[in-house]
Amino acid sequence: MRLATPEDMRAYGARLAARLRPGDLLVLSGPLGAGKTTLVQGIAEGLKVRGPITSPTFVIARVHPSLRGGPPLVHVDAYRLGGDLEVDDLDLDASLEESVTVVEWGEGLVEGLADDRLEIHIDREAGDEARVVTLRGVGGRWADTPSEPPEE
């Protein structure tokens, strides 16, 4: 899926949020500046959680409670984490079942948290704002994952 602007990335995240439910784990990967946090902003908008949504690079994880009785959003930035032990210290599995958990830079670190997860890779296209988003569903929950979430 090609997304031309940051606004398109946010809208994509909001549409994706319509498919999310408590217990979902999303693992985001891609280079610096690819748009991972922008995607999370859209997911947060779709889930109707309290913001603002900023990169939690230095605090590692933030919990954004729902404003409408839905699941909270746990937004994690694993960029500074050195390995499995540091991931374990975050105790993400304690809130996984009742939250939607989105982990930036989580590839290779958080897959053990859930048998079912949605892996989202974002790449930049050379020379413009466009991004290419690739979804990969893992486990029965995501077996029929299309590359494009349903329209609003």
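The protein exposes about 7400 Å², and carbon and sulfur atoms supply 49% of that area. Accessible areas here come from the Shrake-Rupley method with a 1.4 Å probe, and for residues only the protein chains shown count as cover. Please keep in mind that this is a predicted model, in which local features need pLDDT of at least 70 and side-chain atom pairs count only at pLDDT 80 or more, while totals for chains, interfaces and linings use all residues. Residues are numbered from 1 along each chain as its sequence is written, and side-chain values use heavy atoms, with hydrogens and water left out.

## The overall plan

The protein has three helices and seven strands. Along the sequence they follow the pattern β-α-β-α-β-β-α-β-β-β. Helices (H or I, at least four residues) and strands (E, at least two) are DSSP runs, numbered from the N terminus. Of the 152 residues, 45% count as buried. Buried means under 20% relative accessible area, exposed means over 50%, and partly exposed lies in between (1.4 Å probe, protein chains only).

Among contacts between residues at least 6 apart in sequence, 62% join residues at least 24 apart. A contact means heavy atoms within 4.5 Å.

## The sheet

Seven strands form an open sheet with mixed pairing, in the order β1-β7-β6-β2-β5-β4-β3. The edge strands, each pairing on one side only, are β1 (2–3) and β3 (61–64). Two strands pair if DSSP finds at least two bridges between them.

| Strands | Sense | Bridges | A bridge partner pair |
|---|---|---|---|
| β6 and β7 | antiparallel | eight bridges | Glu 119 and Arg 136 |
| β2 and β6 | parallel | four bridges | Leu 28 and Ile 120 |

Five of its five residues are buried. In a regular strand the side chains alternate between the two faces of the sheet. In β2, Leu 25, Val 27 and Ser 29 are buried on one side, and Leu 26 and Leu 28 are buried on the other.

## Helices across the sheet

Helix α1 (residues 6–17) lies across β1, β2, β6 and β7, and runs at about 20 degrees to β7. Helix α2 (residues 36–47) lies across β2, β4, β5 and β6, at about 170 degrees to β5. For these angles, axes are lines fitted to C-alpha atoms, for helices over the stretch in contact, and the values run from 0 to 180 degrees between N-to-C directions.

Helix α2 is largely enclosed by the rest of the structure, because nine of its 12 residues are buried. Among them are Leu 39, Val 40, Ile 43, Ala 44 and Leu 47. The buried residues of α2 pack against α1, β2, β4, β5 and β6. At 1.5 Å a residue, the 12 residues of α2 should span 16 Å, which agrees with the 16 Å between its end C-alpha atoms. The expected span is 1.5 Å times one less than the number of residues.

## Two nonpolar cores

A nonpolar core is a set of buried Ala, Val, Leu, Ile, Met, Phe, Trp, Tyr and Cys residues joined through side-chain atoms within 4.5 Å. The largest one has 25 residues, of which Leu 26, Ile 43, Leu 73 and Ile 120 touch the most other members. At least two residues of this core come from each of α1, β2, α2, β5, β6 and β7. Its largest share, five residues, is supplied by α2. Apart from it lies another core, of 10 residues, including Leu 25, Val 27, Ile 60 and Val 74.

What does Leu 73 touch, leaving aside its neighbours within four places in sequence? Its contacts include Val 40, Ala 44 and Leu 47, as well as Val 100 and Val 102.

## Backbone details in the loops

Most residues other than glycine have a negative phi, and most peptide bonds are trans. Lys 48, which follows α2, has a positive phi near 60 degrees. This residue is found in the loop between α2 and β3 and is partly exposed, with a relative accessible area of 44%.

Trp 105 also has a positive phi, of about 60 degrees, although it is not a glycine. Its place is in the loop between β5 and β6, and at 24% relative accessibility Trp 105 counts as partly exposed.

Finally, a cis peptide bond joins Gly 51 and Pro 52, with omega about 5 degrees. Pro 52 is found in the loop between α2 and β3.
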